[in-house]
Amino acid sequence: MPDPKAEAYRSASAQVAAAAAILSAQALPVLVKPGDVSSFDAWVSRVLPVVLRAAQRNSEVSRRFYEILRDDEDFHTTMPAWQPVIPEPERVRSSLYATAGQEFQDIETFDLKRAQTAARGAVIRHTMNAGRDSVIATATADPEAIGCLYITRGDARVCYWCSMLASRGPQFKGNSFADSDMQFEGAGSAKVHDHCRCVLVPVKSVGGSERAQASRDLFEEWKAVNYENGRIKHSGKDAVRAWRRYWAEKQKSAII
């Protein structure tokens, strides 16, 4: 069962992102005409402020829940100043061109629904990242936080990648926030995919957190897939592929 407070945070953050994504996707057929590059430019210019406002709001949502979840984990020190991390406008702009823009380039193959899906995914990622990256930055400055815990919606509908990240337990700020760490990507940003609605929460200890139980359960599944007799059976990309196959079967069973 998902932790109620962590799930309330994840849901609130996801709702902010979804609202921005819907507005952005709805504006596509109104403003964009396939083959007319200037019309796509107009859409990006219209959508960019929507994404940045939603990102700012999501950072504020994360701030409120950071304090709630921190108290719930029995932190004793004063919460450090919130460290908001809002995506850079040009990065968002480039991302929109690289996602929805790819669908728009060829008038003969243009698929509006596919373009809208791509646009929603990019908007959700950037909006959610404002919350995730703000949590990482604040946890880094938090003297009691050992790192962050990856929180999913807690069922088989979660994708294999997010379930894999969640299985790794708390990501320690001493090494997991480094640019080179495989569990995160670039400048302390959480490694996520388009459409991802997972969040990060601060963690005080490894063993004492009940909130980390879902991660521990997932790690037992990971070991069942990739370990044999206590020894590693699959590693690297082979382990990821094995987990993906396992998770696909689990999702099928959940649907049945």
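In this predicted model, Arg-125 and Asp-194 form a salt bridge with 2.4 Å between the closest N and O atoms; a salt bridge is a side-chain nitrogen of Lys or Arg within 4 Å of a carboxyl oxygen of Asp or Glu. The two residues are 69 residues apart and link distant parts of the chain, Arg-125 lying in helix 5 (residues 112-141) and Asp-194 in the loop between strand 4 (189-190) and strand 5 (199-203). Helices (H or I, at least four residues) and strands (E, at least two) are DSSP runs, numbered from the N terminus. Arg-125 is buried at 17% relative accessible area, whereas Asp-194, at 26%, is partly exposed (buried is under 20%, exposed over 50%, partly exposed in between, with a 1.4 Å probe and protein chains only).

The count of salt bridges comes to 13. Among them, Glu-220 pairs with Lys-223 at 3.1 Å, N to O. These residues are separated by about one helical turn, because they stand three residues apart in helix 7. Glu-220 is partly exposed, with a relative accessible area of 45%.

Glu-221 is also placed in helix 7 (residues 213-226) and is buried, at 19% relative accessible area. Leaving aside neighbours within four places in sequence, Glu-221 is in contact (heavy atoms within 4.5 Å) with Trp-243, Tyr-246, Trp-247 and Lys-250.

Residues are numbered from 1 along each chain as its sequence is written. In this predicted model, local features need pLDDT of at least 70, side-chain atom pairs count only at pLDDT 80 or more, and totals for chains, interfaces and linings use all residues, while side-chain values use heavy atoms, with hydrogens and water left out.
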